[in-house]
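Welcome! Take a moment with the sequence and the structure, and then let's walk through what is packed inside.

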Amino acid sequence: MAEENRASQPARPEDLFARLTALAIPFTTIEHAAAFTVDQGNAAIGHLPGVHIKNLFLCDAKKVMWLVVAPGDRGIDLKRLAPAIGAARLSFGSLDRLMRVLGVTPGSVTPFAVVNDTGHQVRLVLDAALKDDGPINAHPLTNTMTSAIAFTDLLRFFAATGHEPAWLDLGAA
């Protein structure tokens, strides 16, 4: 019975780390004070090398869900983004939907959360600028830690979860 309940629960950081290890994906993780915003994240881990990201969990007027991942300093205009990704009017996804589909709370939205989207309900959009830099720094399902992972390994993780990212130049969107 406990196994059955565990299967319906969202992955925890230790579950994510086990999955990355099983995929032979190296990563490093540090703990820090909770970071709910890009600015708080920069204060906590801005000294780390690599790309510090922002993650937007969005829902359109037709209830299609999107996870948009971009460098933390990238401004994103939701009105311009919607037609660029083929979405109806975009807004931020509700707390309930975020928890139900990605298994995380606001402030902990991360590309790693697709591990919880076993129904492949979320469309993943990556900013093309992410291809250009070093490791990606992302919350491992909680905003009190940051994990650094090579960009190519993050793509392998997406493939293992069945999430094929769409690429977009968000500077132009």
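**A look inside the model**

In the largest nonpolar core, which has 32 residues, those that touch the most other members are Leu-67, Leu-102, Phe-112, Leu-130, Ile-136, Leu-141 and Phe-157. A nonpolar core here is a set of buried Ala, Val, Leu, Ile, Met, Phe, Trp, Tyr and Cys residues joined through side-chain atoms within 4.5 Å; buried means under 20% relative accessible area and exposed over 50%, with a 1.4 Å probe and protein chains only. This is a predicted model, where local features need pLDDT of at least 70, side-chain atom pairs count only at pLDDT 80 or more, and totals for chains, interfaces and linings use all residues. Residues are numbered from 1 along each chain as its sequence is written, and side-chain values use heavy atoms, leaving out hydrogens and water.

- Another core, of 15 residues, lies apart from it and includes Val-64, Val-68, Ala-87 and Leu-170.

**Helix α5**
- Arg-97, Leu-98, Val-101 and Leu-102 are the buried residues of α5 (residues 95–102).
- Seen down the axis of α5, these fall within an arc of 100 degrees (taken from the directions from the helix axis to the C-beta atoms), so they line one face of the helix.
- Leu-95, Asp-96 and Arg-100, on the other side of α5, are exposed.
- Just after α5, Gly-103 has a positive phi of about 70 degrees.

Conventions: Helix = DSSP H or I, 4+ residues; strand = E, 2+ residues; numbered from the N terminus.
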